[in-house]
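Here are my notes for anyone opening this one for the first time. Have the model on screen and follow the points in order.

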Amino acid sequence: MKQEVVMNKEIGRRIRAVRKKHGLSQEKMAEILGIHSTTHYQNIEYGKSKVTINHLQRIYEKFGATPNYILLGEVENEEEYIYDFQCQTDEEKIKVFVEIAKQAFGGPQYDFDVYLKKK
């Protein structure tokens, strides 16, 4: 049961990332998905309610986010890479930036891990 709650929260985070990427309010996203209650939509984002097949279909048709991405986090196209980055926590985003910086600049003179531990 605990794992299901975590999964629902992750699904909600990915749906929220899609909404935010397109600059939509929760009310507008609920309308697009055919959800008549903003509170019900908010519960999906927070992982308290489950997303339906119809919701997944509308998300895919309108925004290009596949059900595999929404449900499993499997990135399949360029748009999903953007959604995936946006739904990460700030700490996760920093780790991505550090990895990019290491690969771009490399070398022992750039010890980003030490810098991050000081914060």
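1. How many aromatic pairs does a search of the whole structure find? It finds one, where rings of Phe, Tyr and Trp (its six-membered ring) pair if their centres lie within 6.5 Å. Before going on, please keep in mind that this is a predicted model, in which local features need pLDDT of at least 70, side-chain atom pairs count only at pLDDT 80 or more, and totals for chains, interfaces and linings use all residues. Residues are numbered from 1 along each chain as its sequence is written, and side-chain values use heavy atoms, with hydrogens and water left out.

2. Now the pair itself. A pair of aromatic rings is described by the distance of the centres and the angle of the planes. Here the partners are Y69 and Y83, 6.3 Å centre to centre with 35° between the planes. That makes the pair tilted, since planes under 30 degrees apart count as stacked, over 60 as edge-to-face and the rest as tilted. Y69 sits in helix α5 (residues 67–72) and Y83 in helix α6 (residues 78–86), so the pair links distant parts of the chain, 14 residues apart.

3. Are these two tyrosines buried or exposed? Y69 is buried, with a relative accessible area of 0%, and Y83 is buried with a value of 0% too. Buried means under 20% relative accessible area, exposed over 50%, and partly exposed in between (1.4 Å probe, protein chains only). Look also for R14, which lies over the face of Y69 at 5.9 Å from the ring centre. The rule there is NZ of Lys or CZ of Arg within 6 Å of the ring centre and within 35 degrees of the ring normal.

4. Stay in α5 for I70, which is buried at 0% relative accessible area. Leaving out residues up to four places away in sequence, I70 touches I11, R14, I15, V18, L56, I59 and A65; contact means heavy atoms within 4.5 Å. I70 and I11 are 59 residues apart in sequence, yet 5.6 Å apart in space, C-alpha to C-alpha.

5. L71 is also found in α5, but at 31% relative accessibility it counts as partly exposed. With residues up to four places away not counted, L71 touches I11, R14, V51 and L56. Its C-alpha is separated by 8.2 Å from that of E10, 61 residues away along the chain.

6. Next, helix packing. Helix α2 (residues 26–33) and helix α4 (residues 53–63) pack at about 105°, with axes 9 Å apart. Axes are lines fitted to C-alpha atoms, for helices over the stretch in contact, and angles run from 0 to 180 degrees between N-to-C directions. The two are therefore roughly perpendicular, a label for 65 to 115 degrees. M29, I32 and L33 of α2 meet H55, R58, I59, K62 and F63 of α4.

7. Helix α1 (residues 2–21) and helix α3 (residues 38–45) pack at about 115°, with axes 7 Å apart. On the α3 side the contact is made by Y41, I44 and E45, while the α1 side includes N8, K9 and G12.

8. Finally, the overall picture: the chain has eight helices and zero strands. Helices (H or I, at least four residues) and strands (E, at least two) are DSSP runs, numbered from the N terminus. Of the 119 residues, 29% count as buried.

Methods:
Parallel < 35°, antiparallel > 145°, perpendicular 65-115°, else oblique.
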